[in-house]
Amino acid sequence: MNLFNIFMIILVLIGAGILIAYKLKKKQDEKVEEQVHIDDKTYTLEKMTAFVKKRLDEITKINLYDIGLSEEELKRRKSKKYELKKALKGCTYGDVNDKKYVKELIYDLLAKEYGVDEINVSKAIPFDVPSLLTAQDKFDIILYMYKQEFGYEALTEIIKKYDLARLKYVAGEAKPCYVITEEEISDIFEKENFVLSFQDKLHVVVQRIYQHYKGYSSIDEIRDMNIDGISGGVSGLPESFLSQVAQADGDYLTQIVDHKVPRACDSIWIMFQGKSIRLAFLSFGTEAELKRVCQNIYKYNNPGQLSDTNGYKINEMKDGSRVVVVRPSMSETWAFFVRKFDVKRSTLEQWFKNEPGADESIELLKYLVKGARITSITGEQGCGKTTLLMGMIENIYETMNLRITETAFELHLRKIYPTRNILSMRETETVSGQDCLDVQKKTDGSVNIIGEVATDPVASWMIQSAQVASKFTLFTHHAKTFPDLVTALRNSMLRAGVFKNERTAEEQVVSVLNFDIHLAKNFRGKRYVERVTECIPIEDKNEYTFDHRKEKTLEGKMDKFMDNATYYFTKSTNRELYKYVNILEYHDGEYILTNKISDTNIKEMLNNMDETDAEEFTKFIEKHWTTKAKRHNEKKETKKRGRKPKTEVRS
C-alpha cells in the first residue's frame, strides 16, 4: 500500500512538471510569435504607444527575486527600477530631467526592441511626404529642430523670426487679433526646408508618444519653453453646448463636427511678452484629453483632489510655475492656466529698455527699496507685477532677512539668491495666512513681502506686517488708481473685521503706505511703468480756539463757538486724510521725474541707507529737483522783471 502511494505521488509530480514545462514553452512560443508578427502595419503611433505602455508597466512591476539574479545584478536592477518609477512619477509634475530620462528609455525601446528603422518610422508620421503632414506634425518638427540650437528659447526665436506676435485679420474674425494659424506654420515649414536624420525623426515620434502617455498632450513641449504662460479650455464651444445646438440648428452642429467651429478642446493660448496669443493650429483633439491634462497638471506635492464640490485648485509645478485648474460645474469647461516666472530676467533694466529717462527711473526705484519704503506694485493681470517685484528685491541690502507670504509659491527667491536669509510661507488647508504671519514675527525678519493682496484677510496681514512685523513691506495689488488702492485696502480692513469705522481704517492705510508703482499694458502688449505715486498723510492740526473767553457779549461768545463747531463738522465730514502726488510719469515713450519726494520721506530714506547710498541719493535729489526748482524760480523772476536771462559771452 505504501509503495502504491509513493508511485502515485511520483506520477503526479512528473505530470505537474510536464504541465509546467508545457505552459512555459507555450508562453515563450507566444512571445516569439508576437515578435514575428510585427510588420509595417504595426508602426503607427497608437500601436507603438500601446507597446511602450506595456513594456514600461512590465519593467516597473516585475518581481526581480523570481528571476534568479546575482546579488550585484539584483542591486543594479532594483536601482534602475526605482529610478524609472521615480521618473515616471516626476515627469507628470513638469520635471524636465525626469521627462528626458523617460523619453530616452522610450527611444531605446522603439529602436532596439520594437524594430523601428529609417523606413518604417515614416509609418507613424509621414516625414517623407510633406503634403500629408498635419499642422501639429510640422510644428513638432520645427520646434524640435529649433530646440537643438536654442534650447528653451526655441519658441521665442520662432515667433520673433517670423513676426508671429502681431495683430492680424483671420477668417471669421471681424477685428484683428493675436493668433498663429495653420497657414503660417505651413509657410515656416516650407521656408525652413529641414533635412531630418533617422534620429531626428525618431525623437519627434518619441515626443508624440510621450506627450499622450505621460505628458501634457499638445502643449507638452510648449509648456517647457521660456514664455510667460499657457492656458487651455478658455475658448471654443463647451461640450454641454453641443446638445442644445443639436436641437436648435442641425447645420451648426455639422460645422462643429467638421471642426469648422472651435470646440473647448481646440483652445490653446500662450502668453508671450504680455500678449495673449491663440494657437489655432493646435488642439487637444477630444474633451477627454483636455480633461486628462487638467487632472494631471496640478498634482505636484499632492495638493488634494479636484472634485465637483471643490471645483478649482491653485498650486505650483516642479519648475516653479503657478498653475490654476478649474472644472465643471464651477466652470463651463475644464480649463487650466499655467503662469511662468522667468527669474533670470527679473531685473529693473528690462522694464525700461533704454527709453528716455530710463536711468533716472531705475535709480528712483532702487532708492525706494534701499530707503525701506512701504511700496505697492499695482496693475492689471499679466502686466508684470511679480516680475518687477523680483527685480526690486535685488536691491534690498544683503544684511536684511526676507520673509515672504504667498497664496502659491511664485517668487522662488532662493533660486536667485541661494546665500541670502529668505523664507517663504503660504496658506494650506490647515494653516491660515494669519498663522503664517504670526510665525514670521518670530523669525528675525527685516522685510516682509506679500506676493498678492487679492483678498480681505491678506490685506489685513499687509497692514499688520507694515505696522509692526518688519522694517518695511513690499506687495502687489490689482488697483487701477491710487485712490482705488486706498479704498480697496480700507474696505478690506472693514470686511475683515479689523476696524469698524471707515475713517479709522483709512487713517491706518495711509499711515503705512508710502509709495505706489503702477504698471500698465497697452493694446499691443507693451508693459511699462505708468507712474510712481507718493502718499502724503495730512496732519490733523488742532485748529480749535479758546477765543470765546475773551468775548464780553453773548453774541461774541456764540460766534466763536460756531467757528469751533464749523471746524469740528468739517473734520468729521469732508476733511481729506491724505494727498497723493506723482513722482514719476510716463508720457509719449519717455519717463519724466515730476514732483519732488516729500521732505519727511527723504529724511526717513536717508536714515535707512548706508553712507554711500545716502550720498548718492542726496545728489539725485539735488540734480533732479532742487536744481530744477532753482532754474524754474530764476526764469519766473526774470519774466517778472521783463529781462532776458544773462548768457555767457565766449571769446
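This is a predicted model: local features need pLDDT of at least 70, side-chain atom pairs count only at pLDDT 80 or more; totals for chains, interfaces and linings use all residues.
Strands here are DSSP runs of at least two residues and helices, H or I, runs of at least four, numbered from the N terminus. Residues are numbered from 1 along each chain as its sequence is written, and side-chain values use heavy atoms, with hydrogens and water left out.

Strand E8, residues 375–378, pairs with E13 in the parallel sense over four bridges; pairing requires at least two DSSP bridges between two strands. On E14, Phe515 has Glu534 as its bridge partner. E13 and E14, residues 527–537, are antiparallel, with seven bridges. Five residues separate them in a hairpin, and Gly525 in the turn has a positive phi of about 90 degrees.

Is E13, residues 515–521, mostly covered or open? Mostly covered: seven of its seven residues are buried, buried meaning under 20% relative accessible area, exposed over 50%, and partly exposed in between, with a 1.4 Å probe and protein chains only. In a regular strand, side chains alternate between the two faces of the sheet. On one side of E13 are Phe515, Ile517, Leu519 and Lys521, on the other Asp516, His518 and Ala520, all buried.

Now the helices. Ile6, by contrast, is in helix H1, residues 2–36, and is partly exposed at 47% relative accessible area.
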